[in-house]
Amino acid sequence: MTAFKSDFLRVLSERGFIHQISDPEGLDEACLKGPITAYIGFDATAPSLHAGSLIQIMMLHWMQETGHRPIALMGGGTTMIGDPSFKDEARKLLTVEDIDANLAGIKRVFSKFLDFDGGRALMINNADWLRSLNYVEFLRDVGRHFSVNKMLSYDSVKLRLDREQSLSFLEFNYMILQGYDFVELNRRTGCILQMGGSDQWGNIVNGIDLGHKMERAQFYALTSPLLTTSSGAKMGKTASGAVWLEPDMLSPYDYWQYWRNTEDADVGRFFKLYTKLPMDEIARLAGLGGAEINEAKKILATEITALVHGRAVADQAAETARKTFEEGALSADLPTVEIPAAELAAGIGVLTAFVRAGLAASNGEARRAAQGGALKVNDMAVANERMTLSDADLVAGVIKLSQGKKKHVLLKPV
């Protein structure tokens, strides 16, 4: 581990955030001389960020905590193209209205991690300059500094071409616009550092080169590792979909459960990356073994949920889980799916009910789960996959559906 002098790089290093730095000594010295400004870009491809973005958000948080100024750059302009980096095909093109609506949801999460008062952190939208660019002037003033030969050599482009998968001219422009963002932020805010995931290395280095040529300024790049779980699963993704940060897209209880189910080998690493607990406390929790590791996982889930949804909501999710798993109680805090009362009165197939509840992707998947003994209705195993649920199955006004030991949903007639 590099012995960084500045608090910012030391904290990032000891917590496992650093994969590459363009000039480690130079950036370390710049951080020591005084507060620097750095940014990470977030494109608005969905109404919410998901857990895979948390590592970037935490990097901005630690930057501010160590006395520097972070910028959360909203991609209102770049989202109109879509980043092709390591993608097999082009992203679906979104309208300006779609992008702006997505941005409204994405912005909400940052106030929980950053303090924007008095300009201590900034939120800027690259639509402010990208949507009004004059194309011919942009090609002449900016495009001339990019070598197509060099752009074709980047892995993010090369992999698509090697697989003989189409790369549109529109997508090819993304790295030019991202490089220009860096220059524009330097002009507007004095920003000298761009951070991102390791898949962004080529795009960020392009911005450094452009800064040298257009501004004769010293820019820096820092990337974090692209994380997977110990079993190789992609962070922020589950079999049922993304682990969204917005509560109306994923309940805080389900969010808590995602982190509670962390693999044993990942507990220490996730404490470092996704919580603000002190390193000595993390070392203690990561050192727990046997049954005690489950207690560490509950603390991990509660700490991460508290950052996104607030401490009270996180504690409630933990208590709901405790009552459900330790007491077998039917808690009103469990995720609830509403169905028309008339439909339940007429009878609804049990497999269909599990699909409606989001506990199975299809009737076939539900059938296989039932045959394996994984499905329960009101804590009783589903013995007959052709059974129907009706008003007779209501307990305290709801029907409890369970898939395995950890996934529970209440079916409520309305």
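**Reading the cores, the sheet and a buried serine**

Visitor: How many residues does the largest nonpolar core have, and which of them have the most contacts inside it?

Guide: In this predicted model, the largest nonpolar core has 72 residues, and those with the most contacts inside it are Leu54, Phe110, Met195, Trp259 and Tyr274. Helix α3 gives the most to this core, with eight residues. Beyond its neighbours within four places in sequence, Leu54 is in contact with Phe113, Leu245, Tyr255, Trp259, Tyr274, Ile304 and Val308. A second, separate core of 32 residues includes Leu122, Leu167, Ile176 and Leu185.

Visitor: In what order do the six strands form the open sheet?

Guide: The order is β1-β6-β5-β2-β3-β4, with mixed pairing. The edges are held by β1 (20-21) and β4 (122-125); each has a single partner strand, so one side of each lacks a neighbour in the sheet. Between β3 (residues 69-75) and β4 the pairing is parallel, over four bridges, and Ala72 stands opposite Met123 in β4. Helix α11 (residues 201-215) packs on the sheet and touches β1, β5 (193-197) and β6 (220-224); its direction makes about 170 degrees with that of β6.

Visitor: Does Ser48 count as buried or exposed, and why?

Guide: Buried means under 20% relative accessible area. Ser48 counts as buried because its relative accessibility is 4%. Its place is in the loop between β2 (37-43) and α3 (54-65).

Visitor: Which backbone nitrogen atoms lie 3.4 Å and 3.3 Å from a polar atom of the side chain of Ser48?

Guide: That of Leu245 lies at 3.4 Å, and that of Glu246 at 3.3 Å. Leaving aside neighbours within four places in sequence, the contacts of Ser48 also include Ile106, Trp244 and Met249.

Conventions. Residues numbered from 1 in each chain as written. Predicted model: local features only at pLDDT ≥ 70, side-chain atom pairs only at ≥ 80, totals over all residues. Heavy atoms only, no water. Helix = DSSP H or I, 4+ residues; strand = E, 2+ residues; numbered from the N terminus. Buried < 20%, exposed > 50% of the residue type's maximum accessible area, 1.4 Å probe, protein only. Polar contact = N/O pair within 3.5 Å; in protein donor to acceptor, adjacent residues only side chain to side chain. Contact = heavy atoms within 4.5 Å. Core = buried A, V, L, I, M, F, W, Y, C linked by side-chain atoms within 4.5 Å. Pairing = 2+ DSSP bridges. Axes fitted to C-alpha atoms, helices over the stretch in contact; angles between N-to-C directions.
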